Amino acid sequence: MLKKLGNIAALAAGLFALAAPVAAAELTGVTDTEIHIGQWGPQTGPAAPWGSVARGTGMLFQMINDAGGIHGRKIVYHMFDDQYNPAKTVAGVKELVEKAPGVFGFASGVGTSPGLAVKDYLMERGIPWVGPAAGSLHWITPPQKALFSLYPLYADEAKLLVRQLVEKEGKKKIAILHASDEYGENGHRGAVQEMQRLGLKPVAEVPVNQADRDLKSHVLLLKESGADAVLMWVNPTHAVITLKTAAALQFAPQWATSSTLSDAPLMQTISGGLWKNILFASFSELPDADTPQMKQYREAFAKYAQKGERWGVFFMAGIGFVEPMVEGLRRAGRNLTRESFIAAMETIRNYKGILGTVNFGPGQRQGAKEIFLARTDDSGTKITQLTPWAEVK
Amino acid sequence: MSALGSLPQVLFSGIAAGSVYALIALAMVTIYRTTEVLNFAQGDMAMMSTYVALALLVAGGLPFFGALLLALVFAAALGAFAEFALLRRAKEPSVLGLIIITLGLEMIVFGFASWKWGGEPRDMPIPLSPTDVVVVGGVIMSHLELATIAIAATTIAALFLFLNRSKAGLAMRAAQQNRAVARLMGIRVRRVEMGAWALAAVIGGIAGLLVGPAATVEPYMMWDPMMKGFAAAVLGGMTSLAGAALGGAIIGIVENLFGFYVSTAFKSVVPFAAILLMLAIKPSGLLARHYVKKV
């Protein structure tokens, strides 16, 4: 018996000795030939329409790899479906970080709540994270060394939308419909602040729970408030249910939405044709923009995109939020470490990809601040840019 | 309009929403009455049938009622298949084990739908418009809501007659109360159970076909109605058809009243509070008369 125990102990000690160097060595996700980069994104579940962000990033990496990679290394991309569920985001991120070869960093990643769930975990380990696909203040308050934010703040979108509604379109009674999570709250707070500045108060503030499928009481509250304009920070399905319910209840305010609902062709299709005359904020070029970069990406899309994929705002966002990361990897050179990458990212100034102009620097972690407003026409298919790219002051 | 002036509108909206919950509750009760199994895949099986209807409508180009009918045939086949291929295969099944199998089935169905049709929502065009309305006494009623209430009421009545007045319905009850004796009396219990699953899947499928057009069709479309349908079934007592219908209506009305007069943020918590309250006060539910097994 004692001998048996001794054998087990020896075996355990041997295994421990073997495992120890692996556990002690930092998993950096960089080898001689590869850079491992991760991303979460809802491929199923209520936020699935935003899942194309992660697929857009995949196309950008494929383009780069086919053009020879970055300083002799190919990007190995690890994307997983977290269903917009923070618990799943945490599990997936930990698996990528802690399992050999680890990941060098994370690109984009949809959602304020999923991102918040892993922010501290990533930052404590100094793992770079570039371009969270959510316009939250949490990424930059306070600025984090390894976190580079690109999505313009929801609060800034809210300000611009409120200014347009009040100053240009003469709306006085504005209501807010917002998801009861960090995403919705960010937009909600920004809108209320701007209204206060203009001497107004929202006529209704209606939160929507992520699980709800029946929004009649929500829309009735909006209608009862007598609102002539409604700002929305909700997910695409909730936006559709809201518009259908409002049409049934004969409630027709000016709808104004966050950039998260800026994929007008998608919204027009899934709403059964109700996405007409919608005012929205945009953080990226419009899908049919005539710039050389956009032409190049559209050509790549025709070549690389999987069957059934659609060239839309969220797919493009997956490119736009990650372009600066690629630029940072290039600038960091062959001797790539997390430190050299972060230093390289801080040198990015006046970079123009398909988002607004990007500026990082020491202590400056909100890279893109420019947005513009646009509107769908009465057919819901044609989009007109209303304001030029501009930073919201 | 004053807050009180909106009461009839809120009540009507609650009944329309509650009709869908009632259908889901009925589907769960139909299986529970026969097998004592709670089918947690009920909602996602309904989602699958809705996708089939959508595929037949849009890709297949079938007329609306043809697509609807075929989707319900598919629902019946899916229900029968689930019972035959999964539930029946369980060795020495306990009720808990079978319930866990239904959870597995839910994950399989959800995973399959997400893989086959993707996560993006889709519009389901049907002749019963969610935006065309009639106004009666100031209450706005969409064609889809009216159809939902009418279809739910008809289904409940038909199911009541079938289960309480037909031999097949009696066989279902006998199978739940005492499998061995039911078998000795010449009832083909397994076939009866398969029939219950098929029937429940059709009722659930009807709910799915009403939920889809009101919003969008997507893999998770039935999660919320399913949980509220389950709450309605518990409220009604799990074995009572009338209880399930009443439970659905109560949940629909209470959550709409709560949403409008108290808080939309916590509206979706109401059904679960109702379950807790019911289990604490009257665990057998509102209308159920539980058969007590003699030992």
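**Exercise 1.** In this predicted model, determine how helix 5 (residues 143-165) of chain B is oriented relative to helix 8 (residues 189-214) of chain B, and describe the contact between them.

*Solution.* 
Step 1. The two helices pack at an angle of about 175°, and their axes are 11 Å apart.
Step 2. Angles over 145 degrees count as roughly antiparallel. Helix 5 of chain B and helix 8 of chain B are therefore roughly antiparallel to each other.
Step 3. Helix 5 of chain B contributes B:L144, B:T148, B:I151, B:T155 and B:L159 to the contact, where they meet B:I203, B:I206, B:L210, B:P213 and B:A214 of helix 8 of chain B.
Step 4. Sorted by class, this contact of helix 5 with helix 8 of chain B has eight nonpolar and two polar residues, and no charged residues.

**Exercise 2.** Describe the two domains of chain A and the side of domain 1 of chain A that touches domain 2 of chain A.

*Solution.* 
Step 1. According to the domain assignment, chain A has domain 1 (34-152 + 289-362) and domain 2 (154-282 + 373-391).
Step 2. Their C-alpha centres lie 28 Å apart, and each domain of chain A gives 17 residues to the contact.
Step 3. On the domain 1 side, the elements that give two or more residues are helix 4 (112-124) and helix 11 (313-320) of chain A. Helix 4 of chain A supplies the largest share, three residues.
Step 4. The residues on this side of domain 1 of chain A divide into nine nonpolar, eight polar and no charged.

**Exercise 3.** Characterise the largest nonpolar core and the surroundings of B:M28.

*Solution.* 
Step 1. The core has 208 residues, and those that touch the most other members are A:L161, B:A22, B:L23, B:A25, B:L26 and B:M28.
Step 2. Helix 8 of chain B gives the most to this core, 17 residues. Domain 1 and domain 2 of chain A each supply at least three residues.
Step 3. Leaving aside residues up to four places away in sequence, B:M28 touches B:L38, B:N39, B:Q42, B:G229, B:F230 and B:A233.

Notes. Residues numbered from 1 in each chain as written. Chains lettered and ligands numbered in written order. Predicted model: local features only at pLDDT ≥ 70, side-chain atom pairs only at ≥ 80, totals over all residues. Axes fitted to C-alpha atoms, helices over the stretch in contact; angles between N-to-C directions. Helix = DSSP H or I, 4+ residues; strand = E, 2+ residues; numbered from the N terminus. Parallel < 35°, antiparallel > 145°, perpendicular 65-115°, else oblique. Contact = placed C-beta atoms within 7 Å. Nonpolar A, V, L, I, M, F, W, Y, C, P; charged D, E, K, R; others polar. Domains from an automatic or database assignment. Core = buried A, V, L, I, M, F, W, Y, C linked by C-beta atoms within 7 Å. Buried ≥ 20, exposed ≤ 12 C-beta atoms within 10 Å, placed from the backbone.
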